[in-house]
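Welcome! Take a moment to turn the model around before reading on. The notes below go from the whole chain to a single residue.

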Amino acid sequence: QLQLVESGGGLVQPGGSLRLSCAASGSTLYYYAVAWFRQAPGKEREGVSCISSSGGSTNYADSVKGRFTISRDNAKSTVYLQMNSLKPEDTAVYFCAVGLRPGPKRDETHYYDMDYWGKGTLVTVSS
């Protein structure tokens, strides 16, 4: 069974940067699209960014476009979320999740039908 572990969260000042990692074990990520979600206190979980299983397509929430970059290294079974120009409203627990997208679905990027989830890493943006 595929397991996901997020890392890289922490406390950062507004305007700062963090890089989150989502490391997979138990299976290759090759056929999986990977998405990052976040949930702030008192708010619903929202999709932040997604990368297709092919790696050729990405998707970003409007609130993070131009500031966050998602990438994947299949050889390392790891997906990254580079977060720049962080704002206090980016404070949340960040989760990664994967959804199986083989064959004709390899360029799909969406936030539903996710098969496995990590436990999350906390990002706090505060001065």
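The accessible surface of the protein comes to about 6,400 Å², and carbon and sulfur atoms hold 47% of it. Keep in mind as you look that this is a predicted model. Of the 127 residues, 43% count as buried. As for charge, there are 13 positive and 11 negative side chains, and the centres of these two sets lie 4 Å apart.

Now follow the chain itself. Among contacts with a separation of 6 or more, 61% join residues 24 or more positions apart.

Here are some of the overall values side by side:

| Property of the protein | Value |
|---|---|
| Box filled by the C-alpha atoms, along the principal axes | roughly 45 × 25 × 25 Å |
| Distance between the centres of positive and negative side chains | 4 Å |

Finally, let us visit one residue. Where is Ser-52 found? Look in the loop between β5 (46-51) and β6 (58-60). Ser-52 is buried because its relative accessible area is 0%, and buried means under 20%. Beyond its neighbours within four places in sequence, Ser-52 is in contact with residues including Tyr-32, Ala-33, Arg-72 and Asp-107. Arg-106 is also one of its contacts: the backbone oxygen of Arg-106 lies 3.4 Å from a polar atom of the Ser-52 side chain.

Definitions and conventions
Residues numbered from 1 in each chain as written. Predicted model: local features only at pLDDT ≥ 70, side-chain atom pairs only at ≥ 80, totals over all residues. Heavy atoms only, no water. Buried < 20%, exposed > 50% of the residue type's maximum accessible area, 1.4 Å probe, protein only. Contact = heavy atoms within 4.5 Å. Areas by Shrake-Rupley, 256 points an atom, 1.4 Å probe, with all protein chains shown as cover. Lys, Arg positive; Asp, Glu negative; His and termini not counted. Charge placed at Lys NZ, Arg CZ, Asp CG, Glu CD. Helix = DSSP H or I, 4+ residues; strand = E, 2+ residues; numbered from the N terminus. Polar contact = N/O pair within 3.5 Å; in protein donor to acceptor, adjacent residues only side chain to side chain.
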